[in-house]
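Reader: I am new to this structure and would like to go through it step by step. Could you show it to me and begin with the terms?

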Amino acid sequence: MIGYGLAAIGPGIGIGLIFAAYINGVARQPEAQSRLQSIAILGFALAEALAIIGIALAFVL
């Protein structure tokens, strides 16, 4: 379980960077919010999938 705790740091940082870039993009171009939001949610889902795979492997191994 300690290994999973360390492995969860990566997706946590990735999600933070994704939404930081989203907020920065919307602040610069508010008219692009809908397009950027869909990209940010897709990036969130992919980064969160890494954490879910990590916890699944932690229980299997």
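Author: Let us begin with exposure: a residue is buried under 20% relative accessible area, exposed over 50%, and partly exposed in between, using a 1.4 Å probe and protein chains only. This is a predicted model, in which local features need pLDDT of at least 70 and side-chain atom pairs count only at pLDDT 80 or more, while totals for chains, interfaces and linings use all residues. Residues are numbered from 1 along each chain as its sequence is written, and side-chain values use heavy atoms, with hydrogens and water left out.

Reader: Is I39 buried, exposed or partly exposed, and why?

Author: I39 is partly exposed because its relative accessible area is 48%. I39 sits in helix α3; helices here are DSSP runs of H or I with at least four residues, strands are runs of E with at least two, and both are numbered from the N terminus.

Reader: How far is I39 from Y22?

Author: Their C-alpha atoms are 8.6 Å apart in space, and I39 and Y22 are 17 residues apart in sequence.

Reader: What about S38 and G43; which class does each fall into?

Author: S38 counts as partly exposed because its relative accessibility is 45%. G43 is buried, as its relative accessible area is 18%. Both belong to helix α3.

Reader: How many residues does α3 have, and what does it span?

Author: Helix α3 covers residues 33-60, which is 28 residues. From first C-alpha to last it reaches 40 Å, close to the 40 Å expected at 1.5 Å a residue. The expected span is 1.5 Å times one less than the number of residues.

Reader: Which residues of α3 are buried, and what covers them?

Author: The buried residues of α3 are A40, G43, A47 and A51. Their cover includes α1 (2-7) and α2 (9-28), where contact means heavy atoms within 4.5 Å.

Reader: Changing topic, which residues make the nonpolar surface patch?

Author: I2, L6, I9, I13 and L17 make a nonpolar patch of about 560 Å². The elements giving two or more residues to this patch are α1 and α2. The largest share, three residues, comes from α2, and I13 lies in that helix. Patch residues have over 30% relative accessible area and no salt bridge; like charges are joined within 9 Å, and nonpolar side chains (Val, Leu, Ile, Met, Phe, Trp, Tyr) within 5 Å. A salt bridge is a side-chain nitrogen of Lys or Arg within 4 Å of a carboxyl oxygen of Asp or Glu.

Reader: Why does L6 count as exposed?

Author: L6 counts as exposed because its relative accessibility is 58%. L6 is in helix α1.

How values were computed
Accessible areas come from the Shrake-Rupley method with a 1.4 Å probe; for residues, only the protein chains shown count as cover.
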